[in-house]
Amino acid sequence: MNDYAASLSSWVEVDLEAIRNNVRWIKENSSVQVMAVVKADAYGHGAIPVSHAAIQAGASWLGVARIEEALELRKGGISTPIVLFGYLPPHKLVPALQLDLSLTVWREDQINALENAAKERNCSARLHLKIDSGMGRIGAQPEEVTALARKIHHSRHLVFEGVFTHFACADKRDHQTTDRQMDIFCRCLEELSPYLRPDTVIHSSNSAAVLSRKDSLFNLVRLGIAMYGLQPSEEWMLPSAFRPALSWKTVLSHIKTLPPGRGISYGHRYITQKTERIGTIPVGYADGYRRWNGNIVLVKGSIAPIVGRVCMDQCMVQLDDVPQASCGDEVVLIGEQGRQRIRAEDIANIWGTINYEVVCGIGKRVPRIYLNE
Ligand SMILES: *Cc1c(COP(=O)(O)O)cnc(C)c1O
């Protein structure tokens, strides 16, 4: 039994060398600046350790979705430029300026409000102008872009630091939508050329685009899922040099042998067919392990099925194929054991979702343990 198995119910191990390895690969193969996207607590991996690792490996920007996420990074002593991609509530403008963030804008009222806030504080605000080239989420429409850029350019308290867009279908083999978005974005950039300086950052690529479209890198890429060593999609697989950073583990808390006809867990959705060895693991839906049929885990290097309903804090595993399993043995929910591996992508397939949602959903009460710090 290793130390974690003796002292924890369930834990996530994050290999920071895998993060550094993945960032380095992108740096070496793209020769543009890298923004490590660490929103959602670094996709469940832990924002501060992941940010440090990414910076060590050459990332020069960080990207977050919420001001609270940026606050955590600054409190953690990280002074690297941070771009806040998303919505900034009106009462948070001043705190955002105090945290020295680069802020996303796409409407005139946002620019005016930031101009006023910066003026009052006698500081300047660094802005990234977001263009909606076809994602349909946030961003200025292409015909609005020039007027907004002019407004930022002529303001005494605003710095036009960057311009960006986001692709809707970069993870698909079909390139047409991304081609169209690239056309629109490039036409906007031409119109904006009077306002662009050599150090203005221009960015459009998420992980899938970094791997699939060399023409979309400009001078900065926003690296999320690939940094974690997870597949951008089934259609755009990572080169083999990438390594997943996250494993999710637990232990066998109990094992019993039951006669045929015994019901297992709430609702007795599973009934033993014969004499069966049933184990229990202290992981449940409150940890982000979904209450879903068809879950599998690794025990003693073999795949074993979860049987019966997943409870809030526990669930049961059928151990007939692993007679050597005993109480206290490590159980792998995501990761490798012996020669077997369960990827976040495999769990996503079982749950009918994507790997992003699997790792982002691992609960707060599951401690994160960092390897190769
Ligand atoms: C989350 C996010 C990314 C990162 O996307 P990945 O697919 O994880 O690489 C990039 N840009 C924006 C605007 C995002 O919100």
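Predicted model: local features only at pLDDT ≥ 70, side-chain atom pairs only at ≥ 80, totals over all residues.
Let's start with the ligand, which sits in the largest pocket. Around the ligand you will find Val37, Lys39, Tyr43, Phe85, Arg137, His166, Asn206, Ser207, Arg222, Gly224, Ile225 and Tyr356. Sorted by class, this shell holds five nonpolar, four polar and three charged residues.

Now zoom in on a few atom pairs. On the nitrogen side, a polar side-chain atom of Arg222 is 2.7 Å from a nitrogen atom of the ligand. Backbone atoms take part too: a backbone N or O atom of Gly224 lies 3.0 Å from an oxygen atom of the ligand, and for Ile225 a backbone N or O atom is found 2.8 Å from a ligand oxygen atom. How much of the ligand does the protein bury? Taken alone, the ligand exposes 390 Å², and the protein buries 92% of that.

The largest pocket holds about 1,000 Å³ of space. Its lining counts 40 residues, and those closest to the centre are Lys39, Tyr43, Arg137, His166 and Tyr356; these five also belong to the set that surrounds the ligand. Helices H3 (39-43), H10 (207-212), H11 (344-351) and H12 (355-360) each contribute at least two residues to this lining. By class, the lining of the largest pocket splits into 20 nonpolar, 10 polar and 10 charged residues.

Finally, turn to the second largest pocket, with a volume of about 510 Å³. It is lined by 25 residues, and nearest its centre lie Arg243, Pro244, Leu246, Glu336 and Arg341. Which elements give two or more residues to this lining? They are strands S1 (10-15), S10 (246-251), S18 (330-337) and S19 (340-342), together with helix H11. As for class, the lining of the second largest pocket has 12 nonpolar, five polar and eight charged residues.

Definitions and conventions: Residues numbered from 1 in each chain as written. Heavy atoms only, no water. Near = heavy atom within 4 Å. Polar contact = N/O pair within 3.5 Å; in protein donor to acceptor, adjacent residues only side chain to side chain. Areas by Shrake-Rupley, 256 points an atom, 1.4 Å probe, with all protein chains shown as cover. 1 Å grid on protein atoms, 1.4 Å probe; cavity = no way out; pocket = protein on both sides within 12 Å on 5 of 7 lines; lining within 4 Å. Sits in = over half its atoms within 2 Å of the grid points. Nonpolar A, V, L, I, M, F, W, Y, C, P; charged D, E, K, R; others polar. Points joined across faces, edges and corners; volume = space filled by probe spheres on them. Helix = DSSP H or I, 4+ residues; strand = E, 2+ residues; numbered from the N terminus.
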